[in-house]
Amino acid sequence: MTQQPAAARAAGTRTVLVVAHTGRDAAVRSARFAVDQLAAAGLAVRVLAGEAAEIARPAAQIAATPAAAVDGAEMVVVIGGDGTLLRAAELARPAGLPLLGVNLGHVGFLAEADPEDLSEVVDQVAAGRCLVEQRMTIDVTVRANGSVTATTWALNEATVEKSARERMVDVVVEVDGRPLSRWGCDGVVFATPTGSTAYAFSAGGPVVWPEVEALLVVPISAHALFARPMVVSPDSELAAEVIGGPPGRPYPAGLTGGATPGADGQTDASGAVLWCDGRRRVDLPAGARVEVRRGARPVLLARLRRASEERDGAAPGGPEQAGGLFTDRLVAKFGLPVQGWRGQARTRLAPGPREEGRSGDA
């Protein structure tokens with residue numbers, strides 16, 4: 001688990017930040033319960049100033065600023081849906097704090113626990129028994145007229161989208177400095193494995209297990225013969241260049257080698273917008289370039305130590321167990337049919353009289 005600063009350790013304090021979706025009554029009730037129970041377990045508990053009116057309890061400290069909220073903390077407990085966890089990630093990522101989500105949303109793929117697990121969450125946080133996983137992020141750079149106009153990041157995805165409902169956005173997608181294809185489309189999703197179950201999934205992309213290191217490129221409703229979702233190296237550098245300009249005029253240098261727009265005029269200065277995790281927006285003029293690469297800093301997600309991990313011989317949190325837990329999560333979140341599954345037998349009986357000698361049967 002992430003270590004606290006020396007001053008905090010010397011004082012013998014352990015601090016947890018609680019972030020909640022205060023627009024949901026169930027989340028507010030759960031957050032108050034968590035604050036009370038964590039404080040009763042001997043931890044210092046902080047809440048954000050903007051949420052204090054709804055969830056602050058007598059034992060809670062109110063953090064006046066985001067920087068004060070994470071200073072010296074060891075974990076962020078997030079009570080809400082994936083949107084709340086993505087909001088909390090903006091606080092936790094720079095400080096290197098793990099996030100432990102309790103799902104009060106609809107799907108909650110990023111959350112580790114459900115409301116009925118809240119007592120176990122408190123127990124494991126208080127005991128320092130939670131496991132921590134690193135999740136890949138992406139760093140995003142926007143350029144216009146050769147200059148950097150914005151830099152941002154995402155845990156799930158960066159999406160270049162059309163800004164007007166009645167128009168398509170015209171983009172050329174690039175992989176490792178080479179043009180891949182030009183699409184007239186509703187947008188393009190650049191996603192991490194964590195984001196493969198979010199917007200990329202809705203756009204028809206593949207589900208990628210979190211421990212797989214890869215980047216995803218998923219076109220949205222592309223009007224093109226080749227517009228398949230693609231999985232590329234985690235070390236690849238991806239880009240999308242927004243095409244635009246009056247019909248018949250060459251594109252700016254560096255976009256398509258000076259090719260001219262189609263006669264249908266679909267490329268006529270159709271504006272675009274960049275969204276990162278559905279939270280951070282950058283407007284993209286015609287000719288803008290969005291560059292995506294593996295993030296320099298991951299997001300840390302905490303998860304509970306399951307009883308099965310302590311019974312099995314494998315090391316807790318190993319790749320095999322992590323993959324199995326994600327498989328279970330897929331089945332639970334999407335209600336996938338698994339009736340009839342028997343699994344691999346843990347023990348095998350010696351062959352009986354009717355089983356011996358069967359290898360020679362036709």
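**A walk across the open sheet**

Start by selecting Val16: it stands opposite Met75 in strand S4. You're looking at a predicted model, where local features need pLDDT of at least 70, side-chain atom pairs count only at pLDDT 80 or more, and totals for chains, interfaces and linings use all residues. Residues are numbered from 1 along each chain as its sequence is written, and side-chain values use heavy atoms, with hydrogens and water left out.

Now show S1 and S4, which run parallel and are joined by five bridges. (Strands here are DSSP E runs of at least two residues and helices are H or I runs of at least four, numbered from the N terminus; two strands pair if DSSP finds at least two bridges between them.)

Stay on S1: six of its six residues are buried, meaning under 20% relative accessible area with a 1.4 Å probe, protein chains only. Thr15, Leu17 and Val19 point one way, while Val16, Val18 and Ala20 point the other. In a regular strand, side chains alternate between the two faces of the sheet.

Next, select S2 (residues 44-48). S1 and S2 pair in the parallel sense over four bridges, and Val16 has Val45 as its bridge partner there. To get from S1 to S2, follow helix H2 (residues 25-40).

Hop on to S3, where Ala60 is the bridge partner of Val45.

Zoom out: seven strands form an open, mixed sheet in the order S3-S2-S1-S4-S5-S19-S6. Its edge strands, S3 (60-63) and S6 (131-135), each pair on one side only.

Conventions. Buried means under 20% relative accessible area, exposed over 50%, partly exposed in between (1.4 Å probe, protein chains only). A crossover is right-handed if, with the strands pointing away from the viewer, the path from the first strand over the helix to the second runs clockwise.
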